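Let's take a friendly walk through this structure together. Have the coordinates open as you read, and follow along.

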Amino acid sequence: MIAQYFHWQFVYAPRWLLELMLNLQRASLQIFSLKLMLTTLIAPWHRDKLSWQGGTPTQFAMTIAWNLISRGIGLIIRTGVIIIWLILEAILIPISILTLLLFLLWPFLSLILFAVSFGFLLS
Amino acid sequence: MNFVYDSRIRYQDVVSHRLLTSAPVKITLTVLLLAALLGWLSLLFFVSTNIMYGLAFLLTSLAGANLLIFTFGATYFKYLPPSKTLVDISQSKTDQFNIADAATFELISALGRHGRQPNKKHLDRGLRRLIKSKYSRFITRRLEIDRQKLIAAFETVLPDLTWPDFSAGIVKTASLVPHRYLTPDHALGAIMLHPAMQAVIRSIDLTDKDITFAVWWGIEQRFGQQQKRRWWDASRLLSFSGVGLSWASGYTPFVDKFARLPPGNIWDDQLLGHETKVDELINTLARQRQSNVLLVGDPGVGRIGIIRELYRRVKFNYAHPDLNGHRLLYINLGELMAQGGTSAGQYSFVSQALHEMERAGNIIAVIDGLSSILGRNKEQRVNLTDILSPFLSSAAVRVVVITSTEEYHLRLKTNQELNHYFEVVMLPSLDPDATLQRLALTVPGIEKQSRLTIPYKTIRALVRGTTSILPQIPFPERAFDFLEEAIVAAQQEKTAVLTPTHIQTLISRKTGINLGELASSEKARLLNLEDIMHLRMVNQNHAIRAVVKALVRARAEVRSPKRPIGAFLFLGPTGVGKTETAKTLAEAYFGSEDHMVRLDMSEFQGPDAVSSLIGSADRPVGRLTSLIGDHPYTVLLLDEFEKASPQVHQLFLQVFDEGRLTDAAGRNYSFLHSIIIATSNAGAEFIRRAIKDGQVPDGFDAQLKDLILSKNLLRPELLNRFDDVITYSPLTPEHITAIARLMLRSLNKRLDARHGITVKITDELVEFLVSIGYNPEFGARPMNRAIQDTIEYSVAQQIISGLTTPGQAIILPPASLEPLAKK
């Protein structure tokens with residue numbers, strides 16, 4: 001059983017934790033549709049674009065303006081989503097790494113706490 | 001290969017697991033955690049001395065260690081996969097294989113501990129533990145097996161069972177119900193499938209197939225539940241849809257008004273039997289060009305279930321890279337058209353919808369109700385094809401059209417232009433086995449909703465009973481319809497269990513056949529069939545005996561189950577009892593004369609004979625198929641069979657061989673529960689000359705067959721497919737005398753019931769009737785006429801003149817009847 005415990009403590013469970021973290025990362029990428037956000041960053045918002053079919057320079061200017069606005073809306077919203085994702089990652093990744101470390105060090109931490117407790121009790 | 005079971009090493013894991021998750025450990029853990037919490041709280045709010053610190057740290061460290069040990073015990077042993085799999089067993093090249101290496105934790109735990117050498121005592125104990133354990137609960141409950149009785153049975157019947165024997169049995173069961181590892185269900189199945197247990201299993205009306213099914217069910221159930229609990233699995237975590245998937249695609253305000261996902265039933269979520277169809281669908285839709293699918297299936301076969309699965313896969317990104325994130329819109333064209341008003345308005349609606357979807361670029365359109373735009377008018381069809389074609393040929397909109405088999409076969413298959421753009425995915429009616437599986441997986445949910453228990457035998461009866469009826473409704477819908485009705489009936493009765501009797505009562509109410517009775521009293525009826533038939537018929541012993549012989553052989557399960565119950569050819573002159581035999585058979589075998597349907601084959605001689613039998617584009621309903629569809633349990637009488645066209649004979653070849661027929665609309669009709677009787681007057685002369693006084697000369701049957709073949713009346717391969725060719729001998733005066741008495745008796749029954757009078761049957765009267773009613777050429781029909789003209793007329797006269805009183809036995813002297821007789 002002791003050998004099995006060590007296997008679990010340092011191989012089996014950490015591997016499970018790593019898999020879990022990887023899956024969480026994949027899930028976060030999927031929920032925020034990150035790949036789509038990046039590839040369509042400056043795409044017109046809901047394909048709302050005007051195509052210029054000849055006319056006065058003013059109309060030309062307005063067409064360009066409208067298209068820029070449409071792309072601009074898309075850019076702003078998508079960038080917002082990416083930023084939110086980054087914030088989430090900034091929280092998630094450290095927590096994941098910390099959890100893994102804590103788990104690996106758990107038995108040692110228990111021993112250390114045990115020793116420290118005696119320190120306090122005997123002082 | 002020898003199989004052994006040595007679980008000493010693996011059983012250590014079971015012991016460790018039990019030890020580390022035992023009650024004392026749990027209690028200690030709870031106490032320590034609470035104490036640590038209390039310690040820290042006191043430290044923070046009340047006392048903060050060194051001793052408190054020390055205590056808090058101590059309790060925390062102990063609690064932490066305890067928690068670690070408990071987590072180890074709870075998660076490691078149970079979830080560690082066995083070192084070998086079922087595949088390893090089959091591929092192993094060694095002489096001996098220890099199946100404990102491929103057994104799941106549950107199986108090792110269920111069979112318990114054994115000593116250094118597993119012996120008989122351990123086996124008995126292990127089997128008893130297994131049967132009493134929670135792992136057997138599901139299967140035994142479903143099969144309605146009493147566990148104590150099962151233990152008693154195997155102890156009586158398998159006193160010499162050894163470990164290698166048992167292990168081999170487990171492997172064999174696992175090969176029938178494959179799973180990655182060996183589970184307790186396999187072990188339970190091994191006990192019940194042991195050859196020595198056959199008699200016991202049969203005595204509770206179960207077969208090996210039923211046991212195997214129950215093992216499958218148990219495994220599906222258990223692992224389905226386990227999957228639901230594994231929240232850490234990739235498939236669960238990734239089952240969330242993304243945000244903003246349609247931000248880069250166009251708006252579709254117009255179509256959104258009509259588009260919605262159709263609601264599903266509890267059984268739409270099962271895809272059993274149709275798994276490959278969704279993949280076919282996705283692969284076609286992901287193409288760059290001609291990415292449209294025609295989903296052909298009758299309502300109720302599971303089309304909406306497939307659409308919902310497509311929707312799920314596309315939404316949660318596990319369909320295809322080119323399809324993931326698309327929007328699935330379900331549109332009912334009927335609704336769309338209804339908004340359009342005029343015909344021009346309708347076209348513009350459809351056009352607008354298609355344009356919008358194309359601009360959006362990320363739409364998968366599921367279109368239902370195509371028949372409403374594909375008008376019967378050829379012109380309308382052409383116009384709409386023009387509108388649809390540009391969209392169908394690009395990849396901008398991917399279209400799935402849902403249609404029924406009738407619509408497809410009769411209208412769409414011939415429309416070359418539309419056909420060109422579509423890949424056809426057929427959804428045939430599910431076969432009975434797949435239907436049974438779907439029912440099994442859906443039953444737990446149904447039980448919860450209806451608050452009834454539905455054991456295995458009930459769903460087995462359901463599938464068996466509904467296999468041959470109502471072919472126009474496909475499986476699984478047909479089975480579910482009946483299940484729903486039966487549930488309602490049972491709920492009204494306020495019972496807790498839905499039994500096969502509920503199902504059989506319902507089915508017999510719908511079809512007129514008492515299925516339950518057919519099974520149990522069938523044997524009695526078969527054995528007495530000859531006597532029963534002789535009550536109604538005179539002579540023709542040879543014929544009756546031949547029919548009964550063939551039927552008994554058929555029903556004793558010696559026959560092939562893929563043919564009609566019996567197929568007979570009756571040859572003989574007119575009026576000798578061929579039709580009467582069919583009627584008698586219908587009454588004796590199916591319970592009533594009404595279970596006989598008749599077709600006059602001389603009507604089916606022309607070039608359109610086959611299409612009038614099985615239907616065509618212009619005439620969707622065929623006579624033969626609609627008859628057998630409405631009366632699947634019947635005697636099918638085909639009069640003057642030789643007169644039908646050769647194509648019709650060809651059709652019946654398929655019926656005799658396979659027991660089923662496919663109509664013009666692609667539906668299957670089952671003849672498996674019918675008795676087919678073809679009659680013919682062919683060779684009547686020959687019969688009359690050859691058979692004198694009812695004596696059949698030797699070699700007669702062969703001579704008769706030769707005659708028929710030589711005259712090309714029936715092809716050899718058709719003649720050979722009849723179970724028996726039965727000749728009807730002409731009637732002799734003695735026969736006619738007996739028939740006359742029979743007819744008079746049935747006349748008396750009628751008169752008695754209606755007027756309370758009878759006719760006295762004297763020998764003179766009968767002799768008189770025979771003298772005027774006997775004509776060997778026309779059989780018994782002249783006798784019928786003779787009785788009508790003389791006796792019935794006289795009686796009618798007396799009734800009208802008021803000369804009769806109830807209870808009277810009228811005497812009709814032949815002399816008085818003579819003037820009435822027509823010569």
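## The sheet in chain B

Chain B holds an open sheet of 5 strands, paired in parallel and ordered 4-5-6-3-7. Strand 4 (327-332) and strand 7 (422-426) of chain B stand at the edges with a single partner strand each, so one side of each has no neighbour in the sheet. On average, neighbouring strands of this sheet are turned by 20° against each other, direction ignored. Helices (H or I, at least four residues) and strands (E, at least two) are DSSP runs numbered from the N terminus, and two strands pair if DSSP finds at least two bridges between them. Axes are lines fitted to C-alpha atoms, for helices over the stretch in contact, with angles from 0 to 180 degrees between N-to-C directions.

This is a predicted model, in which local features need pLDDT of at least 70 and side-chain atom pairs count only at pLDDT 80 or more, while totals for chains, interfaces and linings use all residues. Residues are numbered from 1 along each chain as its sequence is written, and chains are lettered from A and ligands numbered from 1 in the order in which they are written.

Back at the sheet, strand 4 and strand 5 (residues 363-368) of chain B pair in the parallel sense over 6 bridges. There, B:Y330 stands opposite B:V366 of strand 5 of chain B. Helix 15 (residues 275-285) of chain B lies across strand 3 (292-296), strand 5, strand 6 (397-403) and strand 7 of chain B, and runs at about 175° to strand 7 of chain B. Contact here and below is taken as C-beta atoms, placed from the backbone, lying within 7 Å.

| Helix pair | Axes come within | Crossing angle |
|---|---|---|
| Helix 37 (residues 733-755) and helix 38 (residues 763-773) of chain B | 9 Å | roughly 120° |
| Helix 10 (residues 184-193) and helix 12 (residues 208-229) of chain B | 9 Å | roughly 170° |

Angles under 35 degrees count as roughly parallel, over 145 as roughly antiparallel, 65 to 115 as roughly perpendicular and the rest as oblique. Helix 10 and helix 12 of chain B are therefore roughly antiparallel to each other. Among the residues that meet are B:D185 and B:H186 in helix 10 of chain B and B:D208 and B:I211 in helix 12 of chain B. The residues of this contact divide into 5 nonpolar, 4 polar and 2 charged; Ala, Val, Leu, Ile, Met, Phe, Trp, Tyr, Cys and Pro count as nonpolar, Asp, Glu, Lys and Arg as charged, and the others, Gly among them, as polar.

## Between chains and domains

In chain B, 32 residues are in contact with 35 residues of chain A. Helix 3 (50-79) and helix 13 (234-237) of chain B each supply at least two residues of the side that touches chain A. Helix 3 of chain B gives the most, with 13 residues. By class, this side of chain B has 18 nonpolar, 13 polar and 1 charged residues.

Within chain B, the C-alpha centres of domain 4 and domain 5 lie 34 Å apart, with domain bounds coming from an automatic or database domain assignment. Here 4 residues of domain 4 of chain B are in contact with 8 residues of domain 5 of chain B.

## Two backbone details

A cis peptide bond, with omega about 0°, joins B:F475 and B:P476. B:P476 sits in the loop between helix 23 (456-466) and helix 24 (477-493) of chain B. In chain A, A:S33 has a positive phi of about 45° although it is not a glycine.

Methods. Two residues are in contact if their C-beta atoms, placed from the backbone, lie within 7 Å.
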